[in-house]
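Thanks for coming. I will keep this short and talk about salt bridges. Please have the structure open while I go through them.

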Amino acid sequence: MPVSKAADDYLEQGWAVVPVARGDKNPTAKGWPKLAAERAFAPEDFHGANVGVLLGPVSKGLVDIDLDSPNAIELAEYFLPATRTFGRKSKRASHWLYYAKGARSDALPFGPLPKKGSKEKRELVEIRAQNKGDDNCSHQSVFPGSVHESGEKVQWDNDEEIATVDAGELAWAVARLACASALLPDWSEG
């Protein structure tokens, strides 16, 4: 699906969109959170670009649970409510979408701390929504129709409806998933 068509579909769903450089995940337009919230970008702005969707109140309370950890991806179905997911070939179902009004962004890192000076990162499960502060600024995620920085296409995994959930219950499920993901490497039967 062309990126401009994906952007148009997302706008029709009431989501705020922002162009992102192809193969990147950060918008380049100066003042993009405000411009996207004001619906300043149109489908034609996405030719040769990726499409980012702003999360939180500007997109009807849309929340992205971003699973950077292979363990979290493996365990997600046991902790998170069924919903629409997307990812890329090497990381299927790494983004779980929900409508959860009032949800706030949070990052739950786990695992050993990287050595000083190392470029390694800790494993992460992230709630991507409105910032924790009251600045009404939202995070954004690169959505299907785009190309990941690895060169892989970002694609839908299923046709499920996006589940509507309580923000507190979702945060609790994500916290439990992060804990289980941290324990999984040392888990053994019995």
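**Salt bridges in the predicted model**

Glu-38 is a partly exposed residue, its relative accessible area being 48%. Please keep in mind that we are looking at a predicted model. The partner of Glu-38 is Lys-34, and the closest N and O atoms of this salt bridge are 2.9 Å apart. Lys-34 has a relative accessibility of 57% and counts as exposed. The cut-off for exposed is over 50%, so Lys-34 at 57% falls in that class, whereas Glu-38 at 48% is classed as partly exposed.

How many salt bridges does the structure hold? The count is seven. I will take two others from that set.

Next, Asp-157 and Arg-92. Their side chains form a salt bridge with an N to O distance of 2.7 Å.

Last, Glu-126 and Arg-128. The closest N and O atoms in this salt bridge are 3.0 Å apart. Are these residues buried or exposed? Glu-126 is buried, with a relative accessible area of 13%, and Arg-128 is buried as well, also at 13%.

Definitions and conventions: Residues are numbered from 1 along each chain as its sequence is written. This is a predicted model: local features need pLDDT of at least 70, side-chain atom pairs count only at pLDDT 80 or more; totals for chains, interfaces and linings use all residues. Side-chain values use heavy atoms; hydrogens and water are left out. A salt bridge is a side-chain nitrogen of Lys or Arg within 4 Å of a carboxyl oxygen of Asp or Glu. Buried means under 20% relative accessible area, exposed over 50%, partly exposed in between (1.4 Å probe, protein chains only).
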